[in-house]
Amino acid sequence: MRTIVVGGGVVGLSLAYGLLKAGQPVLVLDGSDGDFRASRGNFGLVWVQGKGADFPPYARWTRTSAKLWSGFAKELEELTNLKLSYENKGGVEYCFSAQEMKERKAELSALRDKLDGDYPFEMLSAEQLKKKIPQIGPKVYGASYCPEDSHVNPLSLLRALSQAVRMLGGDIRTNIRVMEIIPGENQAELITENSERFVADRLVLAAGLGAQALGPQLGFKALVRPQQGQVLITEKMPHFLDHPSGTLRQVNEGGVQIGASKAEVGLNDHEDVLTTASLAAHAADVFPMLANAQIVRSWAALRVMSPDGYPIYQRSDKHHYAWFVTCHSGITLAAAHCELLPRWIMSKNDAPDLSPFSEARF
Ligand SMILES: Cc1cc2nc3c(=O)[nH]c(=O)nc-3n(C[C@H](O)[C@H](O)[C@H](O)COP(=O)(O)OP(=O)(O)OC[C@H]3O[C@@H](n4cnc5c(N)ncnc54)[C@H](O)[C@@H]3O)c2cc1C
């Protein structure tokens with residue numbers, strides 16, 4: 001049975017690669033460069049710290065994926081001969097006051113309690129933090145540290161995934177915009193912008209923001225919305241930063257990536273000077289030496305957000321051959337989407353329990 005995956009971003013490709021590894025033929029239909037594509041504009045974190053603070057199933061799912069990441073990266077690199085620049089030395093979140101430290105500690109401790117004590121983190125004073133990151137400036141009061149946080153080059157990941165899909169015999173058709181889905185009893189017909197027709201015995205909708213239009217045609221609520229994030233990157237600098245944070249990381253080429261803002265501005269993916277300035281000011285607060293660094297690139301991209309910010313994994317109630325998959329942390333969850341999601345799609349006995357992530361919660 002061939003699976004058609006609509007959407008060739010990191011979510012669709014991670015799943016497609018996993019399905020192929022499980023011996024399932026896959027065709028990926030992906031839109032065009034004019035589409036909003038979070039997978040090409042994100043921050044590259046594989047992030048655990050603080051995720052799912054008020055929704056433990058998400059905290060567990062995130063950690064499951066983070067734990068799978070090393071093996072996933074190694075396997076992808078070996079298969080494709082491409083370097084992902086995956087680094088897993090743990091991540092920090094900077095605090096600028098005693099109050100912020102207190103609140104962070106309380107939040108992470110509460111999460112640890114909800115996870116029966118199994119949630120590694122440490123609170124580091126400025127002095128302790130300086131041992132890990134000597135360049136922090138005097139405004140930094142301390143940080144939380146989580147050994148399970150890591151980061152990757154997200155564009156290398158995307159490239160490796162599409163190469164891996166093709167190497168395992170999968171087909172990726174680009175510049176194919178699915179406009180209409182006509183559901184039948186046991187299969188669906190997909191009609192593209194160019195009036196091409198495809199028939200799917202198994203259909204996974206992983207089209208990011210494109211799901212807004214396609215989802216309801218299969219009976220999904222598909223409540224996703226755009227949330228803008230802006231990112232900056234500095235000129236290349238000698239390596240100094242081993243530990244990423246939610247706002248600062250040194251990429252494998254040497255630049256320091258700064259971001260990402262959060263703004264509810266609809267389908268607007270343009271940067272603005274005020275946001276750029278506030279991101280840059282934060283970076284210089286943490287690392288005063290960055291005040292003299294040149295910003296060489298900035299961009300905005302749109303996150304794919306569900307109403308509560310958590311992933312949606314939903315099999316259609318009406319059309320048993322159709323699934324809807326979306327999340328706002330597709331880099332972090334790529335390993336789980338590759339290794340575990342296919343088992344759920346194939347209804348295997350050892351499939352993960354994804355019921356907390358169904359659309360019934362909306
Ligand atoms: C600024 C920013 C920072 C982020 N930082 C992180 C981070 O550090 N860590 C992390 O884990 N996540 C991060 N994310 C989130 C992450 O990028 C997304 O979760 C992920 O990229 C979503 O992937 P996707 O495949 O669902 O969507 P997309 O990448 O948007 O891909 C959707 C694909 O579907 C295609 N498509 C759409 N409609 C159709 C159609 N009708 N027919 C055919 N194809 C269609 C599009 O062409 C596109 O290729 C960040 C996002 C942003 C914007």
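Colleague: In this predicted model, which residues of β6 are buried on one side, and which on the other?

Modeller: In a regular strand the side chains alternate between the two faces of the sheet. Here, Gly-142, Ser-144 and Cys-146 lie on one side of β6, Ala-143 and Tyr-145 on the other, and all are buried.

Colleague: Why is strand β6 described as largely enclosed by the rest of the structure?

Modeller: Count the buried residues. Buried means under 20% relative accessible area. Five of the five residues of β6, 142-146, are buried, so the strand is largely enclosed.

Colleague: Which strands pair with β6, and in what sense?

Modeller: Look for bridges. Strand β4 (residues 91-95) runs antiparallel to β6, joined by five bridges. Val-92 has Tyr-145 of β6 as its bridge partner. Strand β5 (residues 122-125) also pairs with β6 in the antiparallel sense, over four bridges. There, Ser-125 stands opposite Gly-142.

Colleague: Now the ligand. How many residues surround it, and which are the closest?

Modeller: The ligand has 38 residues around it, the closest being Asp-30, Asp-35, Ser-39, Leu-45 and Gly-330. By class, the shell holds 18 nonpolar, 15 polar and five charged residues.

Colleague: Where are polar atoms placed against oxygen atoms of the ligand?

Modeller: A backbone N or O atom of Val-10 lies 3.3 Å from a ligand oxygen. For a polar backbone atom of Phe-36, the distance is 3.4 Å. Asn-42 places a polar side-chain atom 3.4 Å from a ligand oxygen. The protein covers 96% of the 1,000 Å² of accessible area that the ligand has on its own.

Colleague: Which element gives the most to the shell?

Modeller: β16, with three residues.

Technical notes
Residues are numbered from 1 along each chain as its sequence is written. This is a predicted model: local features need pLDDT of at least 70, side-chain atom pairs count only at pLDDT 80 or more; totals for chains, interfaces and linings use all residues. Side-chain values use heavy atoms; hydrogens and water are left out. Buried means under 20% relative accessible area, exposed over 50%, partly exposed in between (1.4 Å probe, protein chains only). Helices (H or I, at least four residues) and strands (E, at least two) are DSSP runs, numbered from the N terminus. Two strands pair if DSSP finds at least two bridges between them. A residue is near a molecule or strand if one of its heavy atoms lies within 4 Å of it. A polar contact is a pair of N or O atoms within 3.5 Å; within protein, one must be able to donate a hydrogen and the other to accept it, and residues adjacent in sequence count only if both atoms are side-chain atoms. Accessible areas come from the Shrake-Rupley method with a 1.4 Å probe; for residues, only the protein chains shown count as cover. Ala, Val, Leu, Ile, Met, Phe, Trp, Tyr, Cys and Pro count as nonpolar, Asp, Glu, Lys and Arg as charged, and the others, Gly among them, as polar.
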